[in-house]
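Keep the viewer open as you read.

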Protein chains: 2
Amino acid sequence: MDPVLRRGVARFTLSAARPIEPCHIVVHHGAVRDLPSLLDRYVAAPRYLVVADDTVAGLHGKQVVSVLRDSGHVASLLTFPPGETNKTATVWLGLVERIAALAPGRDAALLALGGGVTGDMAGFAAATYARGISFVQIPTTLLAMVDAAIGGKTAIDLAAGKNLAGCFHQPRLVLVDAAFLDSLPEHGLRDGLAEAVKHGAIADAAYLQDLEESAPAIFQREPAALHRLITGSIAVKTGIVQRDPMESGERALLNFGHTVSHGIELATGYAVPHGAAVAMGMVAEATAGELAGVTAAHTADRLRQTLATFGLPHSLPPGVDRDRVLAATRADKKARRGRVRYALIRAVGQAARTDDGSWTHPLSDDTVARALARMA
Amino acid sequence: MDPVLRRGVARFTLSAARPIEPCHIVVHHGAVRDLPSLLDRYVAAPRYLVVADDTVAGLHGKQVVSVLRDSGHVASLLTFPPGETNKTATVWLGLVERIAALAPGRDAALLALGGGVTGDMAGFAAATYARGISFVQIPTTLLAMVDAAIGGKTAIDLAAGKNLAGCFHQPRLVLVDAAFLDSLPEHGLRDGLAEAVKHGAIADAAYLQDLEESAPAIFQREPAALHRLITGSIAVKTGIVQRDPMESGERALLNFGHTVSHGIELATGYAVPHGAAVAMGMVAEATAGELAGVTAAHTADRLRQTLATFGLPHSLPPGVDRDRVLAATRADKKARRGRVRYALIRAVGQAARTDDGSWTHPLSDDTVARALARMA
C-alpha cells in the first residue's frame, strides 16, 4: 500500500522559498571610489569584513579599508596566505574562527578583495558563518572579473580534488574596477582571457571576433577595450546564471573546456596555469565534439586561431600523460550515474544540446582519447 | 553624482531564484520499512550515503543500509565518533573527504541517521559537498524528531561557539519513526520534551495542555501519545519555517528560551543537558518578559508547572555563575547592532511582537540579570 496513504501516517510539506536577493554588478574604471555609496545602497551592513590574501592586502587592502573608514563605515581587514594551495578547509576554518571571534553579528557583510581563490574561499566563509552573511566581491584579476566573481559559486579544495566543498551564495554586489588590472602581470590577463574566449565560444561569436581584434589594446590595458572585454563576458555569464542559478541545466555550458582542463591540471599537479589548461581543454572538447558529430568541422581550428592571438596554448605539451588526463576526467562533478558528460558547442558562439534537451553530452573515453591524441 | 548613473558605468542585475524543492515530512510508527519507496518517490538518487555516529550505526545503521540494499538501492554507511564534542570542522572535513573519495556524483543523496548532532553535521556535509547534494533526515531522538531535523538548519561548532558555521539546506524527506524512541533513555526524551514545550509556549496552548496530560503515556512510549507529541510540534515548527525559512523574522520565535539556555551551556561548559538548559532558559526569558512588561503575569509560573510534569528543571542550580551566563548571551547570533534581542511570549501559546512588528525584543542586561536572580 502507498506508504503516505496508510492509516495513521501524518504528512507535512514544507515548501520554503528563499527570498530573491538580487546581485548587482557594477563595472566602471575607478569604481572603488564609489564603494561606500554602493555598499550603502545595496548592502547597508553595520559592519564590513574585508578579506584579502597578504599580497593583495599589501597592494589594495589598506586603501579599501581606508575608503570605508573615511566614509564612516566600520571595517576590519582579515588576511590569509596567497595561492591556490591555501584554498583549503584549514584556511577557511581559520577565517571563520577569526570572524566568529569578532562576533560581528549576522547582519555584517564580508567583502572578498582579490582573485578567484579569495572570492571562492571568502565566499565560502560568508556562506557558512552564522549560516550565511551578506557577501560582496571586489575582483582584482581579470579571471575573477569575467568569471569567478560572477554567479555565486564558492568553494574550497579537498584532498580529493578542487572545489569539491562549497556553496552557492550570491554576492549582493560585485564591484568591477579594471584599474586593478594595471598591476596584473600578462600571464594573469591570459587566465582571464581563456574564460572570455569560452564565453564567446558558447554564446557570442561577435564578442569572440571583437576580442580577437582587440588583443593588442587589451594587452596595453586600454580602458575601453577592457570594458568591452569585461562587460561582454559578464553579459554571457549573467544570462546563463539567471536562467539556471543552481546548475541543473544550462549553467553546465560554462564548463565547456573545463572537464579536460581539470584533468590536465590534476595530471600535471597543477603545473599548467589555469588559463592555459582551459585553452587546451576547449580545443580538446571541440575536437572531441567534432569526432562525435556534435560540433561542426573546423570549430577547433577556429578556437586555436583565437587562442593563439592571446598567446594561449592549443596543443598538449609533451610532458602531459594523456592516460592520466583521461582518468582524472572521470572524477568530474558533472558525472551522472557514472558516465562523464561534456558541455559542447555546435559551432563557435553556439551551444550544442542533445536531442532530448540536455546541456551535456556523454562522450566515450575513446572519443576523448582520440581528441587528446590529435593535440599531442 | 549617483555612481550607477555615471557615464561609462555598466550595470547588470542577477536575480537568481532558487527552485523550491519541497521538504516532505512523514510521521509513522514503523516508517523505516517504507524508506525505499519514500526515497524512490521523493529523492530518486542513484546512490545513498547513510551517515551515523558509531553508536547509532551499531543500533540501526546496518538495518537501514540492509533495507536499502534489499530493495535494490546502492547504499554506503559512513560513521563518525558520537557526541557534541565531535560536531567539529575536523569531523565534518573527514566526512566530506570520505564522500569525495567515493566520488558518488552530484545526484547522490545523503541520509543522516541519528540525533541532532548527526543531522546538523551530516546536513552541513550534504549542503557543502559538491555545493550541495540531496539530503534526508531520519531522526532517532525525540529532540531531532520534533526540532533539529525540521527546518533545514545545518551546522558545526566553532571554538568561538556552537553552531557558528553552517548552512540552510532543506532535506527532501524527513522520515519520523517513533519506534526509534524505544531505545532512547528517559533523559533523551526530556531533551525533546523541552523543545515540545517551547512549541506549545510560542504557538499552541491546547497542545501544551495535551502534552502535560499525556506525560505518563509519553514516558511509557505509548505510540498514540508519541504521535500527538511529535505531530503537534512539527505542525508548529513547519508553520513558522514555511513563513520565514531564512530566519529574517518570525523564525526567531523558535529561539524562545535559547538565548539564556546557550548562556547557561557556555557558562557551565555544557555540563547542563540541553533540555534542562532550554527549560531554565524559557523560565528565565518568560520572567524577563514579565519584568519588561511584555509577558503577562504568571506566565513563567505556568511554564514551571508544565516543565515539572516532565521532570525538567525550572530554577538555576547553585553552581551556575549568573554573571557568566549574562556575559555569554552577548555573543548570541540574534544580536543586531550590538544589542542582544530576545524572542518573547505574550502568554502561554502566544508570541509577543514589538509595537513596530519585530519578532525579537531588546532587553537590557539588568532585566535579564533580575530574572536570573529570581530563579536562583
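Before the first pair, one convention: a helix here is a DSSP run of H or I with at least four residues, and helices are numbered from the N terminus. Also keep in mind that this is a predicted model.

## Salt bridges within the chains

Searching the whole structure over all chains turns up 33 salt bridges. Start with A:Lys198, which pairs with A:Glu195, their closest N and O atoms sitting 3.0 Å apart. These two are three residues apart in helix α6 (residues 186-203) of chain A, so about one helical turn separates them.

Over in chain B, have a look at B:Lys87, which has salt bridges to B:Glu84 and to B:Asp120. For the B:Glu84 pair the closest N and O atoms are 3.8 Å apart, while for the B:Asp120 pair the figure is 2.7 Å. What does the B:Asp120 pair tie together? B:Asp120 lies in helix α4 (residues 116-128) of chain B and B:Lys87 in the loop between β4 (75-80) and α3 (89-102), so the bridge connects parts that are 33 residues apart in sequence.

Are B:Asp120 and B:Lys87 buried or exposed? Both of them are buried, with B:Lys87 at 3% relative accessibility. B:Glu84 is partly exposed, with a relative accessible area of 29%. The cut-off matters here: a residue counts as buried under 20% and as exposed over 50%, so B:Glu84 lands in between.

The size of an interface is often quoted as the accessible area lost when the parts come together. For chain A and chain B that buried area is about 7100 Å², and carbon and sulfur atoms give 58% of it. On the chain A side, A:Phe12, A:Leu14 and A:Arg131 lose the most area to chain B, together 14% of what that side buries. In residue terms, the contact takes 80 residues from chain A and 80 residues from chain B.

How many salt bridges are there between chain A and chain B? The count is two. In a salt bridge between the chains, the side chains of A:Arg106 and B:Glu247 meet at 3.3 Å, N to O. Across the interface there are also 24 residue pairs in polar contact. Several elements of chain A each supply at least two residues to the side that touches chain B, among them β1 (10-14), β2 (23-27), α4 (116-128) and α9 (223-243). The residues on that side divide into 44 nonpolar, 19 polar and 17 charged.

Strand pairing crosses between the chains too. β2(A) runs antiparallel to strand β1 (residues 10-14) of chain B, with five bridges joining them. Within that pairing, A:Cys23 has B:Leu14 as its bridge partner.

## A hairpin and a threonine in chain A

Strand β11 (residues 344-347) and strand β12 (residues 350-352) of chain A run antiparallel and are joined by three bridges. A:Ala347 has A:Gln350 as its bridge partner. The two strands form a hairpin with two residues between them, and A:Gly349 in the turn has a positive phi of about 90°.

Now find A:Thr295, in the loop between α11 (274-291) and α12 (299-309) of chain A. A:Thr295 counts as buried, at 7% relative accessibility. Its side chain reaches the backbone oxygen of A:Ile345 at 2.7 Å. Leaving aside residues up to four places away in sequence, A:Thr295 touches A:Ala286, A:Gly289, A:Glu290, A:Ile345 and A:Arg346.

B:Ala44 sits in the loop between α1 (35-42) and β3 (48-53) of chain B and counts as partly exposed, at 46% relative accessibility.

B:Ala130 also has a positive phi without being glycine, with a value near 50°. Where is B:Ala130 placed? Look in the loop between α4 and β6 (134-139) of chain B. At 3% relative accessibility, B:Ala130 counts as buried.

Methods
Residues are numbered from 1 along each chain as its sequence is written. Chains are lettered from A and ligands numbered from 1 in the order in which they are written. This is a predicted model: local features need pLDDT of at least 70, side-chain atom pairs count only at pLDDT 80 or more; totals for chains, interfaces and linings use all residues. Side-chain values use heavy atoms; hydrogens and water are left out. A salt bridge is a side-chain nitrogen of Lys or Arg within 4 Å of a carboxyl oxygen of Asp or Glu. Buried means under 20% relative accessible area, exposed over 50%, partly exposed in between (1.4 Å probe, protein chains only). Contact means heavy atoms within 4.5 Å. Buried area is the accessible area (1.4 Å probe) that two parts lose on being put together, summed over both. A polar contact is a pair of N or O atoms within 3.5 Å; within protein, one must be able to donate a hydrogen and the other to accept it, and residues adjacent in sequence count only if both atoms are side-chain atoms. Ala, Val, Leu, Ile, Met, Phe, Trp, Tyr, Cys and Pro count as nonpolar, Asp, Glu, Lys and Arg as charged, and the others, Gly among them, as polar. Two strands pair if DSSP finds at least two bridges between them.
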